[in-house]
Amino acid sequence: MDETVVFISMFNLESQKHRSIMYRRIRSFFDERGYLEIFTPTLSPTLIPESTIQNFRTRFLNEFVAERDFYLIPSPEIFMKEVLASGSPSVYQISSCFRNSEQLGRVHNPEFTMLEYYTLGFTDRDSIALTRELITSLLFDFSPSCLKRDFTVMSVRDAVQEYAGCDIDELQDVHDLIAEARRLGQEPADDESWDDVFNRIFITYVEPSLPQDGIVVLTDYPYQIECLASKQKDRPYRNRWEMYIGGMEVANCYEEETSCSRTAEYYRNEAVRLTEERRGTSLPVPAVSKDFPSLRIPASSGVAIGLDRLLMCLTGKKDIKDVLLFPFEDLLHVNY
Amino acid sequence: MIKAGQIDKGTALLIKGQPFICIEREFVNPGKGSAFVRLKLKSPSTGQVLSETMKSQDNAEDITVEDRDLQYLYNDGTNFAFMNVETFEQIEVPMASFPDYQYFMKEGETYRATFWEDQILDILIPAKIVFTVAEAEEAVKGDTVQGATKYVTTETGLRVRVPIFIKQGEKIRVNTETKEYLERVNK
């Protein structure tokens, strides 16, 4: 394409050019490293139970087959892990994902694009180095210079110590954590769970204080926040990290749980929580896959990156609408 | 009682027995965590701003408020004095609770105020107000991008950047949120 083309349009076509270049670079980055690009469905009859994610539900109708509910995937994880368990090489995918009921605004669009890559034999730490190389390969000449600097890697424990002034190693008992939250000025209920009290502290004191001008990777998340990242031996943490760019959450990584029994335990707990929390509300309770916990997931590390947010960072945009041709908020106001 | 997730900008709440008005509301979903709301709440009596984080499912005590029309009389440097246009009763409000509001208070004008029992929680400033230019400064030179402009001061002491043709004694309409000049008002 002629680089000097000037777009005069109501659409932000310039951002599409950057998006297209970014996708091409992502594909060549992983292709050169021997990953297989896969294409899995965005409509699924079951999901992995995640009580904190709201879903879009739709209905399959057919004259000859029983009708049933399908869900727009909140991430392609359920299918990608099935491919991994079947004996595939390391895989990656760029796919549309859907999350319902989230705040609309500067950094959210209910339909968004996710890059997920799973690397066989990798720890979550190995994925930090890989992600660093990936982001370096995606930089434009005009990308903000703070993206060219090294990542700041810090543990969640150190971040909480730095910005909230308390040591979560010493606050493993929920009563101690509640007392600390109250000392800080928060008002958790007496029966609040450890992870909820922790999140109160985290989003009030830690997240807003993270450096605003570079890439920060927070590692070693408390094990009490249940997810499919493996637990560390002898320490109350999981092998999980989250990447923030300019204070915005952009990526999440697990060293994947490989034990079927622990995956099944997560499934049971999360499915109960999900059903309880949504009882009496209009929120859909997605069906959960019965087979998923018995998948033999190989030792691997998976990273999910929100590509719309990453594109915002790479091109210095402050609003997700600036990287989308048809932002959801505009669709919301279309007349019919 | 309302759920924290239903609190919006302008919602009046009772926190530890004190009324607060929500001035900012943001939903936050920490990775793999429950939904929270981050609130900025302002106390109308002290001007104090609280940052509160609540789970969207938490209960909050909301209070029923009522709007009444007040005529602005004067300020004595510490308090604004208003008169209730229905009861003719005079009410004083500490200026510290409403910083910068003195620039938008015109004597004799009527303002809508939000009350909880007998306490003023909020005073509504109209989006646009017409002011008289009390003082006009020399034009700012060299600004060719936005056209030639200068500063004027209104009868309430608000400094506004205006086009150079605006003279002392003229009336101008101002956007009260951005404090920007909108247009000259011809009588």
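**Close-up 1. Arg112(B) and Asp69(B) meet through their side chains in a salt bridge (3.1 Å, N to O).** A salt bridge here is a side-chain nitrogen of Lys or Arg within 4 Å of a carboxyl oxygen of Asp or Glu. The pair ties together distant parts of the chain, with Arg112(B) in strand β10 (residues 110–116) and Asp69(B) in strand β7 (residues 66–75) of chain B, 43 residues apart. Strands are DSSP runs of E, at least two residues, and helices are runs of H or I, at least four, numbered from the N terminus. Arg112(B) counts as partly exposed at 41% relative accessibility, and so does Asp69(B) at 27%. For these labels, buried means under 20% relative accessible area, exposed over 50%, and partly exposed in between (1.4 Å probe, protein chains only).

This is a predicted model: local features need pLDDT of at least 70, side-chain atom pairs count only at pLDDT 80 or more, and totals for chains, interfaces and linings use all residues. Residues are numbered from 1 along each chain as its sequence is written, chains are lettered from A and ligands numbered from 1 in the order in which they are written, and side-chain values use heavy atoms, with hydrogens and water left out.

**Close-up 2. Lys16(B) and Glu187(A) form a salt bridge (3.3 Å, N to O).** Lys16(B) sits in the loop between β2 (12–15) and β3 (18–28) of chain B, and Glu187(A) in the loop between α5 (174–184) and α6 (194–206) of chain A, so this pair joins two chains. Lys16(B) is exposed at 72% relative accessibility, while Glu187(A) is partly exposed at 39%.

**Close-up 3. Glu242(A) and Arg240(A) pair up in a salt bridge (2.6 Å, N to O).** Both Glu242(A) and Arg240(A) are buried. Over all chains, the structure holds 36 salt bridges.

**Close-up 4. Helix α7 of chain A (residues 260–278) has 19 residues.** From first C-alpha to last, α7(A) reaches 27 Å, close to the 27 Å expected at 1.5 Å a residue; that expected span is 1.5 Å times one less than the number of residues. Buried residues of α7(A) include Tyr266(A), Tyr267(A), Glu270(A) and Leu274(A). Seen down the axis, the buried residues of α7(A) fall within an arc of 155°, so they line one face of the helix; the arc is taken from the directions from the helix axis to the C-beta atoms. Ser261(A) and Arg268(A) are exposed on the face turned away from that buried side. Just after α7(A), Gly280(A) takes a positive phi of about 80°.
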